[in-house]
Each structure stands twice: as C-alpha cells, then as structure tokens.
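Here's a quick briefing for anyone meeting this structure for the first time. Have a look at the model first, then read on for the highlights.

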Amino acid sequence: MKRLKTFGRFTMKAAVVTQFGPLPPVYAEFPDPTPAEGQHLIRVSAASISQITRSRASGTHYSAKAPLPLVAGVDGVGVREDGRRVYFLMPAPPYGAMAEYCVVRAEQCIELPDELEDGAAAAMAIPGMSSWAALRERAQLRAGETVLINGATGISGQLAVQIAKHLGAGKVIATGRHPATLNTLKSLGADVVVSLAQEEAPLQAALRQAFEQGVDVVLDYLWGPSVQALISAAVQSGPAGVPVRLVQIGAASGASIELPGAALRSSPLQLMGSGIGSVPMPRLLAAIKNVLASAPTARLQIATRNVPLAEVTQAWAMNDSRERIVLRP
C-alpha cells in the first residue's frame, strides 16, 4: 500500500470536510489512518455519495457526531491487509470511506461475492438495505403480500421494487413522478405503476383502487403530500380490519405531514420507521449482507456513474436521484 510521507507523518488523499454546512468536501491531504486492535486497514476502491453521506457531511443528520476535520463517506468497498475484498460500513472517525484508506472494525466488514463488481456493491448497499430492513425487520413481510412503494423512481425505490419481489411479494405497486423511469419499473418487477404527477382526482381514484384490492405494506421514500393521500386512501378504501403496515424510510418530499387522529382511531393503520436507531446496527449489517449476497442471483440492477475521487467537489453537485455517483480513488 503506497503512502505519501509529509512532515514526519504519512498522508493520503481524501474528501475532507472542514466545516459543517452546504459546501461540498474538498480533495485534500489527510493523515493516514492507523488501525487499532479489532480494526482493519482498508485500501478503498469505491465509495458512493448517498443521501446519508451528504447529510452527515453537512452536519444535519441525527447521527453526525464526529469532530472536524473529517473524511466524508459512511461506506464503501475495498481490500483489507489480508487481501480480502470487502464492503465496509461506518469507518472509525474521523476517517470516512471517501479516501485512499480507512480503518473499520472487523464486524463491520462483509466479504463480497466474486460476481459483484466494486462500484455496484458500493452503490447498492445502503439503498438496498433500506428496503430489505424495512420489509424484513419492520414490516415482517410474508410471502404473497402486496407491497406499495411510494417514490419508486429514485435509486432506493427502484431497488425496493426488485427486493420486494425477491423476498416474495405477490404484487408490487410503484408510485413516482419521473415518467420515463416509471415506465421502466415493470421490467424491474412492478405489477402496477401510479403517477404522482397527475391531477388530484385521478390520483386519489388510482390510490383508492389499489387499497380496495388490498395493500399489506407501504414503503415510503417521500413523506409529504403523497403520504397524506396514501393514508387517506388506506383509511377510506382498505378492507375492514385488514392492517396496513406503513414503513417510513425517506423524506424527499417534505419533513412533516398533517395526520388526523381519527385516521389512526378508525383504521388498523400501523405507522413505523426504519433506519439507524429503529433497527439495531447488527441487523442493518445483516440486511446489507443479504442484499449483497443476493445481488448476483436476484440480478439486482442499479444505475451508477463512476467519478474519480479527485473530482469530489464537482461530483457533489451531481444530485440525480435516479443514478448513484461512485467515487473511485
């Protein structure tokens, strides 16, 4: 592993955060990490720019607690000192995944299938985990149930469609705004697609029809107005006494909603969240391991764009929710 020595210390190139806020990380030198007992030194080959990476780097995520300066990135793919190719999660601070090297606890490393390419593994791990954990850990999905994915045209939603089918969903309903992507979701496993871009009356009619036919689980990546419409349809149109488990995962359309208390009192609607805090870290790691192990046989697809780590500042502005930016040191 090649190192650069400066002023008596080894340094590496990394995406460095010097202050919390809206500015992107900068490509700069950072002290080289030294693994402590129980940690592995990893030579990084790929790290993706996920939403949690952005929010932790800006200091706005509830789990952002590391002191500054720090290296951005919560997960990635690389090679350990023993030559094993692994996916890793949550490097030891202040080191992050967007660097030439990082240090990670042994239990937070997952060996990768030979068939899974580094960039694809780095790109799909967190968005894939979001739906796998929501369906298995929170909703307790049973084979044959109907799953509605709200916000399925984004990266996470597209993977959620595929993973729901892989885990045995009998029917998958997908909602979204991007017409071109919405039209491709049936090829990924969606049985029904509903455009959120249509007028309120036809949208409500489409949602009511879906719930009249039966929806068991809702995975929500949007929150905001679309969830209010979903809850209204579930309460008014769902079969009497049949619970709908709504799992909140992301908030791309708003941080809050108006929820009448009567909606909960008059229906068996169950609201829950899924993420860091609501699911223990070992279970999140298990979900990621299952996603990565299943990816080759389930043929999970994810759109990626590879960008050199040196261009991290420019890459930070590439905020297309339908493809995942992967930085390559």
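Let's start in a loop: Leu259 sits between β14 (245-248) and α7 (261-265). Keep in mind that this is a predicted model. From that loop we'll move on to a pair of helices and then to the salt bridges.

- Together with Leu264 and Leu271, Leu259 makes up a nonpolar patch on the surface.

**Two helices side by side**

- Two packed helices are described by the angle between their axes and the distance between the axes.
- Here the pair is α3 (residues 155-166) and α4 (residues 179-188), and their axes come within 9 Å.
- The axes cross at roughly 25 degrees, and angles under 35 degrees count as roughly parallel, so α3 and α4 are roughly parallel to each other.
- As for handedness, α3 passes α4 in a right-handed crossing.

**Salt bridges**

- How many salt bridges are there by the count used here? The count comes to 12.
- Glu107 pairs up with Arg105, and their closest N and O atoms are 2.7 Å apart.
- Both partners are partly exposed: Glu107 has 48% relative accessibility, while Arg105 has a relative accessible area of 37%.
- Glu137 forms a salt bridge with Arg283, with 2.8 Å between the closest N and O atoms.
- That pair links distant parts of the chain, since Glu137 belongs to helix α2 (residues 118-138) and Arg283 to helix α8 (residues 281-298), 146 residues apart.
- Glu137 is partly exposed at 25% relative accessible area, and Arg283 is partly exposed too, at 40%.
- Is Glu145 buried or exposed? Glu145 is buried, because its relative accessible area is 8% and anything under 20% counts as buried.
- Glu145 forms a salt bridge with Arg142, where the closest N and O atoms are 3.1 Å apart.

**A salt-bridge network**

- Which residues are linked in a network of salt bridges? Arg80, Asp82, Arg84 and Glu111 are.

Methods. Residues numbered from 1 in each chain as written. Predicted model: local features only at pLDDT ≥ 70, side-chain atom pairs only at ≥ 80, totals over all residues. Heavy atoms only, no water. Patch = residues over 30% accessible without salt bridge, like charges linked within 9 Å, V, L, I, M, F, W, Y side chains within 5 Å. Areas by Shrake-Rupley, 256 points an atom, 1.4 Å probe, with all protein chains shown as cover. Salt bridge = Lys/Arg side-chain N within 4 Å of Asp/Glu carboxyl O. Helix = DSSP H or I, 4+ residues; strand = E, 2+ residues; numbered from the N terminus. Axes fitted to C-alpha atoms, helices over the stretch in contact; angles between N-to-C directions. Parallel < 35°, antiparallel > 145°, perpendicular 65-115°, else oblique. Left-handed = near helix turned anticlockwise from the far one by under 90°. Buried < 20%, exposed > 50% of the residue type's maximum accessible area, 1.4 Å probe, protein only.
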